[in-house]
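Here is a friendly first tour of a protein structure for anyone meeting it today. Please keep the view open while you read.

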Amino acid sequence: MTILAPSILAADFSRLGEETRAIAQAGADWIHLDVMDGHFVPNISFGPAVVKALRPWTDKVFDVHLMIAPADPYLAAFAEAGADAITVHVEAGPHIHRSLQTIRGSGKRAGVALNPGTPASAIEPVLDMVDLVLVMTVNPGFGGQSFIHSALETIARVKAMTAGRSIDISVDGGITPETAGPAAQAGANILVAGSAAFKGGPDKYETNVAAIRAAADAAAGRDGVRC
């Protein structure tokens, strides 16, 4: 079954704990936490203190996506704050292998992310170090952007590169019930959804999550049974 990881970047920041609990209870499998520094990407979001504050609100997997450069000085802080998976961008620094080693050394799942303009081949040397590959289907830095359809080819290439390995393929950016199917069909098994998951307020979260998952499972020929 497709793993749904709603991004709290699209939640109501004035009640972030309640929002995290609500989306978890609505059927989210993981909680995606987008960390932005205003340097690697244009916006600033939040840091380890917010991750730590949210940790008591749910026992769902905390999928921390670091859109920061450099990332290495902050890896330990996010691990200690309660992250279960930490993803760093291959574009964010020259020592991606070291970053992934550090994440794994902390006992967390290690992920590597690709921006839309970065070829899939950029991560090939570190595939033995990762548990997850995150393919960006928007340019990182803002929520609510439109899906970049040319990134489907990158997803398919990553799927081929990781064949036979126990590596998840996640897609982040512009995920809706309309784009979930093509992303899943190309090879993604984790979908990060922000605006489409949180639109309409808490009463709509369960319907939103179910619609995205159903579209992905149908396109990928999955049975839709919750993991």
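The notes below go from the annotated sites to the aromatic rings.

This is a predicted model, in which local features need pLDDT of at least 70, side-chain atom pairs count only at pLDDT 80 or more, and totals for chains, interfaces and linings use all residues. Residues are numbered from 1 along each chain as its sequence is written, and side-chain values use heavy atoms, with hydrogens and water left out.

**The annotated active site**

- In an unreviewed entry, UniProt lists Asp34 and Asp172 under "active site". UniProt positions follow the numbering used here, feature names are shortened, and annotations may be inferred rather than shown by experiment.

**Asp34**

- Asp34 lies in strand 2, residues 30-36. Strands (E, at least two residues) and helices (H or I, at least four) are DSSP runs, numbered from the N terminus.
- With a relative accessible area of 4%, Asp34 is buried. Buried means under 20% relative accessible area, exposed over 50%, and partly exposed in between, using a 1.4 Å probe and protein chains only.
- Leaving aside neighbours within four places in sequence, Asp34 is in contact with Ser7, Leu9, Ser45, Phe46, His65, Met67 and Asp172. Contact here means heavy atoms within 4.5 Å.
- The side chains of Asp34 and His32 are joined by a polar contact of 2.9 Å. Such a contact is a pair of N or O atoms within 3.5 Å; within protein, one must be able to donate a hydrogen and the other to accept it, and residues adjacent in sequence count only if both atoms are side-chain atoms.

**Asp172**

- Asp172 is found in strand 7, residues 168-172, and counts as buried at 9% relative accessibility.
- Not counting residues up to four places away in sequence, Asp172 touches several residues, among them His32, Asp34, His65 and Val192.

**Ser7 and the annotated binding site**

- UniProt's unreviewed entry lists residues for "binding site" including Ser7, His65, Asp172 and Gly194.
- Ser7 sits in the loop between strand 1 and helix 1 and is buried, with a relative accessible area of 4%.
- A polar contact of 2.6 Å joins the side chains of Ser7 and Asp34.
- Beyond four places in sequence, the contacts of Ser7 include His32, Gly194 and Phe198.

**Aromatic rings**

- How many aromatic pairs does a search of the whole structure find? There are two. Rings of Phe, Tyr and Trp (its six-membered ring) pair if their centres lie within 6.5 Å; planes under 30 degrees apart count as stacked, over 60 as edge-to-face and the rest as tilted.
- Phe13 and Phe46 have ring centres 6.2 Å apart and planes at 50°, so this pair is tilted. The pair links distant parts of the chain, 33 residues apart: Phe13 is in the loop between strand 1 and helix 1, and Phe46 in the loop between strand 2 and helix 2.
- Phe13 is partly exposed at 41% relative accessible area, whereas Phe46 is buried at 8%.
- Phe198 and Tyr205 form an edge-to-face pair, 5.2 Å centre to centre with 75° between the planes, and both residues are buried.
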